[in-house]
Structures are given as C-alpha cells and as structure tokens.
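Hi everyone, thanks for making time.

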Amino acid sequence: MSDVVEKTLTALPSLLSLDSHPGSAKLSSTSKLGNLIRGITELTSKHEEEKLIQHELLAIKEQVSSPNTTMRQMKELMVRSIYCEMLGYEASFSYIHAIKLAQQGTVLEKRVGYLAVSLFLNESHELLLLLVNTVLKDLQSTNLIEVCMALTVVSQMFPKDMIPAILPLVEEKLNHPKEIIRRKAVLALYKFYLIAPNQVQHIHNKFRKALCDKDPGVMTASLHIYLQMIQENPEAYKDLTPSFVTILKQVVGGKLPMDFNYHTVPAPWLQIQLLRILSLLGKNDQSTSEVMYEVLDESLQRAEMNHNITYAILYECVKCIYTIHPKSDLLEKAAKCIGNFVLSPKINLKYLGLKALTYVVQQDPKLALQHQMTIIECLDHPDLIIKRETLELLFRITNGQNVTVIVEKMLEFLCISEDDHTTIDLVGKVAELAEKYPLKYNEWFIETMNTVFSLGGDMMQPDIPNSFLKLLSEGFDSVEEDRKLRLFAVNSYIPLLRGEPGKLPQRFLQVISWVLGEYSHLREDLEPAEVLSLLAKLLDMKNSSSETKSWVLMAMTKLCKGGADASVTQEVSETYSSSLDTVLRQRAHELQYLSQDPELRARVLPRGAKPETLEVDSSLSFLDRFVSEALAAGAAPYKPPHQRQEELDQSKALSLEPYGLSLPISMSSCSITDRQSPTLLSMSSGLSGDTLKLDGIKRVWGREGYLAQREPVEEAAQVEVPSPIQSPGRQGEGDSLHSQTPTQTPTPEPEQEKQQLASSLFVGLASQSSVSLMGKSEPMPQRFRRKAKGQGLGSSFIANEQISSSLISPPSAVDNLLCNNLLDSNNASELAEQTSQLSQSLTTANGTCHAEAELTESDTKGCNPALRRDNCVVAAGPGPHNDPGRLTEVCLDSYLPAELSGLSHSEIAPLCANQSLNLSACHVQKEDSLILVVFIMNSSESAIQQIPAGEVTSYSVAVGQYSLTVKRPAVHVEVVGTVSYQLPAGTSQSLQFSYKVPLTSFIRPFVVSTEEYGTMWLSFSHDTKQNLTLINDNQEPLTATLNALKKKLQLHVVEVIGMEGIVACRLLQDLPCLMHCRVNAGWLAVWLRSPVPDLPDCLIYHCQRALQSL
Amino acid sequence: MIKFVLMVNRQGQTRLSRYYHSVELSRRAALEADVVRYCLSRKKDQCSFVEYKDFKLVYRQYAALYIVVGITDSENELSIYELVHNFVEVLDKYFSRIMFNLDRVHIILDEMIQNGHIVETNKSRILAPLTTIDKMVDS
C-alpha cells in the first residue's frame, strides 16, 4: 500500500551528511559547517565533542563581534551557532547578532536572522523586544518577501505586550492581493489569539472573511482559529456548520486545484481539520449533526483508495460519526470501516483501528464483541504499543463481570513495562477499576491493591493510597462486609511485614501501618504486642523515610495498651523524642503520653470511630485579630505570591510602571482587614461543603454510583447474560461477521483458550448492547445512554428517568424569562440564531457561557417565580390604534413605568415579532441597578392570555421590567428570554427574543478615597494594561481624557496628581474595578485592576471605543 | 498537536531539531538521545508509533536517516506519519538541485508547521518563499 508510493529517498541521507562536491558555488558558505559536522561525526566520545564545540564557539564568538564581518559571513556564523545550540551547547552570545542580522541583512541573510531568533529565543525572552522595530519596518516594506518573513516570525513568536503596535498592520494585510500574505496574516492573528485572545476580540468578523476567502490556502489558515474558538465555545459557531460542510464537500469532491493533492488524495490534512471541527459542532446537537450526515457519508465512500493517508482521514471520519448525534446507517458503515482497520495486516493500521475502537466502545460497547478475537490476538502482540492500546480498550469496556480478568491482564503488562509513565498511568487505572468493584471480590480487591502498591511504588499518584484508605474507613452499607474487607487487609499485611518489608515501597508501608493501627484488633488471634514489634522493625530499617516513620508511630500510638507493650513503645518514643525531625518528635511525644494514659487515648483515638466531618476554615479567619494587631504594630500587609512576583518583575522590567510614591498606602489596620475579609469570605464560601475535602482525591467511586451499579446490574446480569461457561456460544453468534479470524489460528487448543479468555473479557457487554440496540430506534434514550457512559446498566435506567422528568418540567417553567448570554463579539447579527429548545438554552445558561445574567424581579416583592403581571402592567387599555401597521411606530415611551420615566433609558429597540406579538425592549439605568423593560404588544385582533399572567387585549401593550446583574463580565451581555402566551383558541405559544446590553450600562461610579484606593489596588489580582489615545485639543490632555471617559462610562475620578490619575468604578452591584492612568510619550498608559476576571479586559475595550468615538 | 520534529542519523546524532513547546536547552540533548534510542531499538515490522512519556512518537526511516515527530495523544498518528513523507518529498523536490543546508531545511519546515500545527501541505506553496529568495540572491 504505502510501499507502492513510498519512494526510497536515497539521496536525502547523503545530502544530510554533507558530502560536498568541491567547486560548487554554494559551498564556500556551508563548508565550514560541513567541516564541523563531519568532524563531529568522526568523533567517538562525548568529551571530544564537547572540546570541539567549545573551540568552535570561541571561534564564532570572536568573528561575530569583529566589525569587519560581512552580513553574508554573519549568516554563515549564525547557522553554525544554530548547529551548536542544537547539539545542546548554549551560544547565547550570538542571540543579539541574530537580531541584528534580521535587522540589517538582506533577503536570505534576513531570513536566516529571523530563523535564528525563532530558534534561539523563547516567547518571554527580553531580547525579543528588540525585534519589534524590525518587524514593524518589514511589515511596511514594499518587498513582499520581507513582509512574508516578518509575518512568519510573528506567527511563531511575538511579545504579547507589543501586539497593539503591529496589530493594525497585520490586519491590513488581510486585504492584500497576494494569497501568501493574506494567509500568513491569518496565521499571525491566530498566534495573537493563542497568546492574547482579548486583543483580537474586535476582529472576529475578519476571521469570517478569511474563512470565505477565494483562496483555499487562506481559508485553511483560518480553520486553525476556528478550531480553537469552537473548542472553547461551540455554541457560538453553530451557524457556520453549513459553511464547513460545504467546504468539506468541495474538498472531497476534488474541487481544489491539483497541487493541493497528496498522492491523488485532495488536501487530506484539510479534510482532517474540517472533520475535527464538525465533530466539535455536532456533539450533543441533533439538528447540527443532521446537516453533516451527507458529507460524512460521502467522505467514508470517497476514501476508498488503499493508502495510509486515506486511512488517516477515515479514522477522523469514524471518530466524528461516533461523536456527533448518532445516525444508525452511518454508524454501521463506520463500524465496518473500523473492521478494515483492525483486521489489516499492516501494523500501523491495526494500531489506529484499536485507537478508534477504544474511542468508539465508549459509545457502543457491543462493537468490541464483533472484534473480540482480534482484540485477544492484539493482547498477545509482541509489539508493546499494540498491547498497551488494547489494554486501554479493555479498560473502557470493563464491567462487574470481566473486571478481574482485565485487571489481571493489566497487572501482567505492568510487570513487563519499563516505562515509568506507563506504570503510573496503568497503576492508576487498575486502582480505579479495583475501587469500582471492591465488595464483590473482597480478597481480590485487597490483593489487587497490594500489587498496585508494590508495583506502583512511590511513583504512583498520591491519591491512590488516600482513596484506598478512605474506602476502607468509610466502609459500605454492610457492617459485616466492612469487617471482612478490613480483616482481609490485616491478614494480608502481616505476612508481608514478617517477610522482607525492606523491599516494599514507602507508600505501601504507610498504608500498611495505618491499616494495622486501625484494624489489627479485628483479628482476635493476633497480639497487639506482635504487631507493635513488627511495626517497630520498620522504624529500624535504613530506607524508611521520616514520613513513613511518622505513620508507623501514629499506628503504634493507636495500638499500645501498656503492660507488655510498654517496653517497646517506651524504647521507641525515647529514641524519637530527640529526633531532629519535628514531626517525628511530636509523634514520639504523643506516643509516650498516650501509652501511659489509656483513658485519654481512648478519648483522642477512639477505636472504630466513623470518620467525622471536619469543618475547615480555609480563609483562616480566626487569625484576623492576629493580623490586624500585627498590622497595627506596623507589619507590612500580606501580598499573595503572584503579586509579589509581579512587583518584583516590575522593578526589573524595562517599562516604567505606575504607582511609585504618588499613592500612599494606607497603614490603617482596620481598613485593610475590612477590605480583605470579603474576598476571603467569598473564597471560603466557594469551598462550601461541610465534610473534609481531601484535595486531589478522585472520587472514582461514589456512593450513588455504587448503589446504582449494584442493584440493577446484578439483576440484569442474572437474567440476560448466561454464565461465563455458557457464553462462548453466544459470543460465537455475535462474531459471525468475522468468523474467519478464529480459523486462521492453526491449533485448536490455544484457540479454545482464547475463546475462554474472550468469554471472560467480553462478558457483560452483551447485556449492555441489548439495551443500546433498543435505544437506537428512539433517539432520546440512545443519546442519553451516551451521557451515562461507563456507568453501567443501572445508571442508564436512572438517567432515562431523569430525562423524562426534565422533559416534563419545562412547560411549567416556561413563564420565566430564560436568561442567557452568548459571547459578546461585535457581530451581533450572527449571534441572532438562538438555541431552539428550552432545555438547551437552560443548559447554556448554566454551562459554558462567557457571561451570565441573573434575572431578578425588581418590583414584584413576595411573588412566586412566575412573574405576576399585575404589578407590571402599566397600560392594558384598548388600543386607540386600529391600524396594525402603525402599531410598531407607537411611541412606546409613554408606556415606560412611571418610576422609570424620569431616568435615562436606551432607545427602545424592536426585538422580534410574529403575527400576534411584537416585542420591544430598552434598558434603564438606575443608580443601583439596570432595569430591562420589555414591551409586549399585542398586534392581533384578539386578546391574548397569559403573558405570563393576565390578559392583553387586542392592540395594547404590556410592560415587564426585570433588574439585571452580571455574574461574569463580557464586552456585551446578551439576555435571552422566552415569552409564553396563549391565544384565545387555547393554543400555547412562545416567542423567543434576545437583547444585547453593553457592559457599560452596568458600570457605575465608585466613590472611594485615595487611601482606600491604594489598599484595594494591592489586593486585586486581575489586571490588564494598554495604551490609549489622549485627547489633545486641550491644554490638559489628561484631565480632558479622564473627563471624557467619566462622561461616557460613568467612572469616578478619584484624584489627579500631575501626569497621573486614578479612577474607580464598579460593576453592579458592587464589583470594583480600579484604573490607573499615566501620560507617557503622547499616550495614556492605562492599568486596570479588579478582583473579577475579565472585567479589566472588557472595560479597556469600552474605554478604547469611547475614546475612538470622540 | 506536534511537540517537536527531529532528524537523526543511525548513530543517534541530531541533524535537525525543532521544538514547538518550550524545552530547556540543557534537557534537549537527553530527550533526543532517549527518543532516538527508543526508535532505533524497534524492528522494521513493528509499529511506527511509540509511546514515550506522556506523548507519542511517530518515526519514519529513510535509509540511514530517521525523522521522528513527537505528538500529543489527540493527534492522528497516521496523518503525521504521512506528513513526514510529504516533508521528505518537499525536501527531495527542492534539494535535487542544491546542496542541503541546515537553514533551508528549517525554512521549509517553518512553512509547514507552526506552533505545533500543520499550516501548509501544498508542495509548491511550501517552496514558494524559498525559491523566491533564491532567485533574488542569484540575481
């Protein structure tokens, strides 16, 4: 297949080894590098290499700093430096020369200069700033190749802070006549999007233009941006689905120029990119998925040619089909396609097939049944990576019945694996599986965990032992089962300690000591004295870490009873009470005291106590008094590490930052504690929950999960699934498609073994698949089964119940205006396409939205959530306007509620309309709130019921008002709502609308003193900086600019001192944002800080807009 | 995502390396040695993809030269495997006339991969900037 087209490029290696032909014109420049490479190739030891390179570097250093070196020579020197760095020898002296070369060189020299810069420096290197001017100059060059180079380097690396300096130039290039320039400009913008998404927020519509570019290359480049943006927020780009589908259709249909082909396949990598985008868009979205079924089908059919690259496309296509909303005939085709992969003799294809299968079985476990014999073969494959991928697949299909076999296979692999990363990963997975099914196989669970602890050693994730201990101590529903499990653990640990405990990893020893301390009393024939002496032995081992020792001491404290044990404990506590390690010393003292006072011990360490819930005051508020006293005594206020680091950086950085001495920092203790407490409080409320939260512990196995698993699964399993002995026959049926696989194996005996293995591995899947088959005919359960993946049969039943109840509930809640918010952005019209289902807009509101608006009823005190219309309806009298056409022009102003009429309000904008209703809205800025006023106009001839309560007679207007607050700031906040109403005929209908409010409407002045400002400034962690244009038509540009901003954005100017000014505002209700302005070289350098993420960025955008519009 | 591209010879010497995520200079040599050891130890009939730490390696051999690409798990191994071949075909197309040199291979690679993403695969477009530069130098 690939061999057919694979050309053996024998020429290349010789090219790379640089067997130069003497006399060639190009050689003089490369020969020195050639000599160097040849010299190094001949060397035999690392030491010699180091000597040679150091010598070389010295020579280069001498030459680069010589004034006589020409640019051409410089270029050659740079290439040699690149080579030296590539071998791991730093050539930092040449960095500055690389920048110079990019600046002064021509054509190839310049390109090599840029290349060297991009290889030498990383994004945060300070020398990169020196490149900015060169880039600026080259972007403006008339020489296209120079523009090209500049754009290339910009899309590889550019200092984040300097983006505004070149952004207009790059944007301009989007309209360049040459495709290559447009393409590179798009890639540069992609880079900006990656490092500073806020900076390119305003050009999203230009990305759309790039997507529609007539040149396929420019379009392809824009897909990088879209893939990224869609990953972050798929909802906002659903409207582009048809465009992506059309593009893919054209590519698949061979509409691109021939030179985009790779081995006669049209633009394969572009196809892959598009398929990835489509799968993101179609995920959990039936209507979007339906748009793409046809093109996916076509892709599957077109990619028939037997070449690697077509398989690469197919793989992506299959993944997409299994990600989006399912369609049965496509799924069937995709499943067949996977068959071609896994049955292929080509090992690379087999691998990819397994990977696809691993992905797919999460959605449809029965596919594993079809390929079970292949999977068994892969499990014994000599190539470890195939084996590993197979285990990954098995991990995904594990259930209560096959878990022991699968875990056994994983443990087998662990024994032969040498790679630490694989070990850590697999150990984690085994532990996860074992903890999922602990009760069914008590002994198996403990034994498996023992293997995990011994194999995983000290590399494994620390949460594994933690959750194991938690599982043991919390226990399950049955006291007897708990006792058995714990006893078995004790029984298995004693022989380990009697054997060679020195070989066990530290983590395992810690687990053992804890378990013995807690539960060794469960074994009646075991004397505590013996356990104590076994534990004491651990203390004497050389390689025991002090952490382990303190676990051991804790265990001993729990066990000692005085009497015969006294001598051991006495000795131990004496040894460690003088330890240098304070923790050990502490433990030793505890041991000493508690062993002498059994009563106290029983109180401190009650035996068999259930884990108590602990309340942790993570805000450390109990220290507040201490802090305020310290502050009053002159201590410096606490600064979080990131702030300290930032201030440190600022003192080193080139740019001159504000806040030197102009703002006195308040030393008054009470103001500081006042300011800090709220943030601390909010922190602790974020960590709500009364039980002790152990960070980082994966709660793989929750109570609910377990319950759901046990009851229905066992029942179902007994009814539907034959016992493992019977199952081979059943599997044979399921495998009829691929019955040729088994016959290939020559001897019947190993075959039988495999069959048996298969039956034990794939048991339980059949029952699950029968459910999924049932589900397939109806879309809803099928879809839900997906969501409940990996939870087994029982939970999917529960899930079904949930969906049905949630399906019923929406109509009753329809009355409420649904608040939603979509991504700000300037292209509002493109956002107009709203979610169609009520339940969907609900999820969006709670989910991934960038901002959320909370709707409260402003003037309906004491009412139910269903808005009572009575209070709000201002005018419902019979309309004087009988002409429906004129209704839209009605002066809605007059309908504004009286209490709002005196306030400034935005223009009343029409929202949407149908034959019976006309919706308009405006927002009114009150001092402490923002009121959204919705005008519902009945434009029909009949009265309408229930909007949401009450009646609106023909041609009249009802008014509702809602106060809005912003939870997460965005440049524009969008409110989405639904009006439900009933026509006289009795049919309920609803009308959706959305309304956009700029963030500025939520901004209010914030009156603070300079002192308060100073303390607040230091405690806010989110910030942004930017240069804004100054208003220059005045004597005092600073005051003029600040006043303009004050007027436009309702800011409060706190103080202006010389060339600096401080300004404060708040986002309703009381989220502060502080602004520091300084006049610097004709610009207004603005620095915004706030405790709210995104608020500074959004505000700076509006400041910019406000000043531009002047 | 692509994490790095390496070209190494059978002796394990690096001929070209390009990283798309930051790796300290001091750690590169060890990483490269490790990666090469992994790939060299594999037989011809084995899979061209290897797991290495938390990422995967895709390698392809051309006579005495190995090209190794480090990728994250979300990437499509086979498409990268073919990308390597596309890269080699581009090199073949360009260097059939001119001597190989380090800077030009880098320039070609920069046209194809940026920030760990494939940005161009059309051979003539990949070579367009470089051939223009060559023409300007010659004239």
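Let me start with a term: a residue is buried if its relative accessible area is under 20%. Please also keep in mind that we are looking at a predicted model.

With that cut-off, is Phe4(B) buried or exposed? Phe4(B) has a relative accessibility of 0%, so this residue counts as buried.

First, the aromatic pairs in general. Over all chains, the structure holds 20 of them. One is Trp514(A) with Tyr519(A), an edge-to-face pair with 6.0 Å between the centres and 75° between the planes. Trp514(A) has 19% relative accessibility and therefore counts as buried. Tyr519(A), at 7%, counts as buried too.

Now back to chain B. Tyr19(B) has 11% relative accessibility, so Tyr19(B) is buried.

Rings can also gather in a group. In chain A, one aromatic cluster is made up of Phe445(A), Phe453(A), Phe468(A), Tyr493(A) and Phe508(A).

Lys319(A) lies over the face of Tyr359(A), 5.2 Å from the ring centre. In chain B, Arg60(B) lies over the face of Tyr81(B), with 4.0 Å to the ring centre.

Let's move to the interface. How many residues of chain B are in contact with chain A? There are 72, and they touch 79 residues of chain A. The two chains bury about 6900 Å² between them, and carbon and sulfur atoms give 59% of that area.

On the polar side, 32 residue pairs between chain B and chain A are in polar contact, both residues at pLDDT 80 or more. Which element of chain B gives the largest share of the side that touches chain A? That is helix 2 of chain B, with 13 residues.

There are also 11 salt bridges between the chains. If you want one to zoom in on, take Arg42(B) and Asp383(A), whose side chains meet at 2.7 Å, N to O.

That's my tour, and I'm happy to take questions!

Terms used. Residues are numbered from 1 along each chain as its sequence is written. Chains are lettered from A and ligands numbered from 1 in the order in which they are written. This is a predicted model: local features need pLDDT of at least 70, side-chain atom pairs count only at pLDDT 80 or more; totals for chains, interfaces and linings use all residues. Side-chain values use heavy atoms; hydrogens and water are left out. Rings of Phe, Tyr and Trp (its six-membered ring) pair if their centres lie within 6.5 Å; planes under 30 degrees apart count as stacked, over 60 as edge-to-face and the rest as tilted. Buried means under 20% relative accessible area, exposed over 50%, partly exposed in between (1.4 Å probe, protein chains only). A charge sits over a ring if NZ of Lys or CZ of Arg is within 6 Å of the ring centre and within 35 degrees of the ring normal. Contact means heavy atoms within 4.5 Å. Buried area is the accessible area (1.4 Å probe) that two parts lose on being put together, summed over both. A salt bridge is a side-chain nitrogen of Lys or Arg within 4 Å of a carboxyl oxygen of Asp or Glu. A polar contact is a pair of N or O atoms within 3.5 Å; within protein, one must be able to donate a hydrogen and the other to accept it, and residues adjacent in sequence count only if both atoms are side-chain atoms. Helices (H or I, at least four residues) and strands (E, at least two) are DSSP runs, numbered from the N terminus.
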